[in-house]
Amino acid sequence: MESRQRPDPRPNDTTIIARLPRTTVVISVPIPAEVPAPVRAIAVVTAAPAAAPPALPAAVLPTRATFVLTFSTGQVVSVRGSGLIGRKPLAQPDEIFDDLIRVADADRSVSKTHLEFGQHDDEFWVSDRVSGNGTVIRRPGETAEALEPGRRYVLPRGARVEIADHSFSVA
């Protein structure tokens, strides 16, 4: 009989499952997105390349809304696009994110890569990345909801996201 259990994607993650007493937490500034993407392949061009399409006027280019994440420590981070939040967030080799937000957590209640966030149609969404202590969202006027890992949850402005012993609000 074949096992249905998936292998651990990060076997060296040493996240402590039990909640420990809170200490002072520092959240670092997002890492700039100027890190070059890995080169996948090299193409050899034997014919002249086709003419580039005309540039779109600025009014036609898609814009991304800015969301402000206010963490329980008082740290405020403005984000546009996608990103990861965790003790030591790390994108997989085939992933590219705009922001990596590091949560300094001496108690290690937050996983290395705890949460993924992004935008779709100017709405903010979050997705738990199979974290050890889970993620809970609290939308204004609704009951708390524990996130199912890997599933995206759209959040309105004013929602609160709890990542282990820490939290942030979305504005």
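## Basis of the model

Contact here means that heavy atoms lie within 4.5 Å. The structure is a predicted model, in which local features need pLDDT of at least 70 and side-chain atom pairs count only at pLDDT 80 or more, whereas totals for chains, interfaces and linings use all residues. Residues are numbered from 1 along each chain as its sequence is written, and side-chain values use heavy atoms, with hydrogens and water left out.

## Overall architecture

The protein chain has twelve strands and zero helices, where helices (H or I, at least four residues) and strands (E, at least two) are DSSP runs numbered from the N terminus. Of the 171 residues in the protein chain, 35% are buried, a term for under 20% relative accessible area, with exposed meaning over 50% and partly exposed in between (1.4 Å probe, protein chains only). Among the contacts with a separation of 6 or more, 56% are between residues 24 or more positions apart.

Six strands, in the order 3-2-12-11-8-9, form an open sheet with antiparallel pairing; two strands pair if DSSP finds at least two bridges between them. Strand 3 (76-79) and strand 9 (145-146) stand at the edges with a single partner strand each, so one side of each is left without a neighbour in the sheet.

## Surroundings of Ile85

Ile85 lies in strand 4 (residues 83-86) and, at 0% relative accessibility, counts as buried. Leaving aside neighbours within four places in sequence, Ile85 is in contact with Leu69, Phe71, Ile101, Val103, Thr113, His114, Leu115, Phe117, Ile163 and Phe168. The C-alpha atoms of Ile85 and Phe117 are separated by 8.0 Å, although the two residues are 32 residues apart along the chain.

## Aromatic rings

Rings of Phe, Tyr and Trp (its six-membered ring) pair if their centres lie within 6.5 Å, and planes under 30 degrees apart count as stacked, over 60 as edge-to-face and the rest as tilted. By this rule there are three aromatic pairs. In one of them, the rings of Phe71 and Phe168 have centres 5.1 Å apart and planes at 40 degrees, so the pair is tilted. This pair links distant parts of the chain, since Phe71 belongs to strand 2 (residues 67-71) and Phe168 to strand 12 (residues 166-170), 97 residues apart; both residues are buried.

The rings of Phe117 and Phe124 have centres 5.7 Å apart and planes at 25 degrees, so this pair is stacked. Phe117 is buried, with a relative accessible area of 0%, and Phe124 likewise counts as buried at 0% relative accessibility. Ring pairs link Phe67, Phe117 and Phe124 into a cluster.

## Salt bridges

The structure holds six salt bridges, each a side-chain nitrogen of Lys or Arg within 4 Å of a carboxyl oxygen of Asp or Glu. One of them joins Glu162 to Arg138, with the closest N and O atoms 2.5 Å apart, and links distant parts of the chain, Glu162 being in strand 11 (residues 160-163) and Arg138 in strand 8, 24 residues apart. Glu162 counts as buried at 17% relative accessibility, whereas Arg138, at 36%, counts as partly exposed.

Glu162 also forms a salt bridge with Arg160, where the closest N and O atoms are 3.8 Å apart, and Arg160 counts as partly exposed at 38% relative accessibility. Elsewhere, Glu95, Glu116 and Arg129 are linked in a network of salt bridges.
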